[in-house]
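I open this notebook to record what I looked up in the model and in what order.

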Amino acid sequence: MVVILLGPPGVGKGTQAVLLAESMGWAHVSTGDLLRAARREGTQLGQEAQAYMDRGELVPDSLILAMVKEHLASLPQEQGVLLDGFPRTVPQAEALAQMLPEVDREVDRVVLFLAPDEVLVKRISGRRSCPNCGAVYNVYFNPPQMEGRCDRCGDVELAHRADDAEGTVRRRLEVYRELTEPLIRYYEGMETPMSRIDADRDVDLIQRELRSAFA
Ligand code: AMP
């Protein structure tokens, strides 16, 4: 089972992905999280990706594809995979279509998250994440029980991503419209089953709707 979560930055894909992966026992593969981990570890990939990420631009396909390929190969065959933030361009989707048969998988469904731009900007500026477990919160929509602290990891202080600054957010939305949105047509053309989710709603409600798509 391979499911692609598609949608603009700030739409809540990461929050939903963590919850869905946990309830289904699937692997949550977030290319943004993998890149941030590479940056923290100071690997060559992390260093190469840094400047692109800080500007809100996409990291070159060659770097992303090598990283995803290695990660997919490390997962047990029987485990479902939730792709979050990948593919982000049509060439990445084409490369994914070539790489999946090598690991005996195919794309089963695309879930498209939709919300108005003003909601996205608020979501992003309010976003906080746990550097330890990756859980994502929002000070407006989904606050942690104790301000600034992760519910799961207790004492770990939540972080605000540098690329969530307002100017960078606007650039990330432009990049989404220009390079990622064409993937909707691409997967419609491939006749991949697609669920459209109104993401401008309560986190639990969206999660229930998502789970029902896989019941
Ligand atoms: P995200 O956490 O998914 O919002 O990703 C944060 C940043 O990582 C993006 O703005 C890009 O710079 C980079 N990134 C993440 N996934 C990809 C991808 N599939 N292709 C290119 N760049 C990516």
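**Helix pair**

I took up α2 and helix α3 (residues 44-55): their axes come within 8 Å and cross at roughly 120°. Angles of 65 to 115 degrees count as roughly perpendicular and those over 145 as roughly antiparallel, so α2 is oblique to α3. I then looked up the handedness, and the crossing of α2 and α3 is left-handed. I note that this is a predicted model.

**Ligand shell**

I next asked which helix gives the most to the shell around the ligand. Helix α2, residues 31-41, does so, with four residues. I listed the 16 residues around the ligand and found that T31, R36, E57, G85 and Q92 come nearest. Sorted by class, the shell around the ligand holds six nonpolar, four polar and six charged residues.

**Polar contacts and burial**

For T31, a polar side-chain atom lies 2.8 Å from a nitrogen atom of the ligand. For Q92, I recorded 2.9 Å between a polar side-chain atom and a nitrogen atom of the ligand. For R36, an N or O atom of the side chain is 3.0 Å from an oxygen atom of the ligand. Each of these entries is a polar contact, because the cut-off for a pair of N or O atoms is 3.5 Å. Last, I looked up how much of the ligand is covered: taken alone the ligand exposes 480 Å², and the protein buries 96% of that.

Note on methods. Residues numbered from 1 in each chain as written. Predicted model: local features only at pLDDT ≥ 70, side-chain atom pairs only at ≥ 80, totals over all residues. Heavy atoms only, no water. Near = heavy atom within 4 Å. Polar contact = N/O pair within 3.5 Å; in protein donor to acceptor, adjacent residues only side chain to side chain. Areas by Shrake-Rupley, 256 points an atom, 1.4 Å probe, with all protein chains shown as cover. Helix = DSSP H or I, 4+ residues; strand = E, 2+ residues; numbered from the N terminus. Nonpolar A, V, L, I, M, F, W, Y, C, P; charged D, E, K, R; others polar. Axes fitted to C-alpha atoms, helices over the stretch in contact; angles between N-to-C directions. Parallel < 35°, antiparallel > 145°, perpendicular 65-115°, else oblique. Left-handed = near helix turned anticlockwise from the far one by under 90°.
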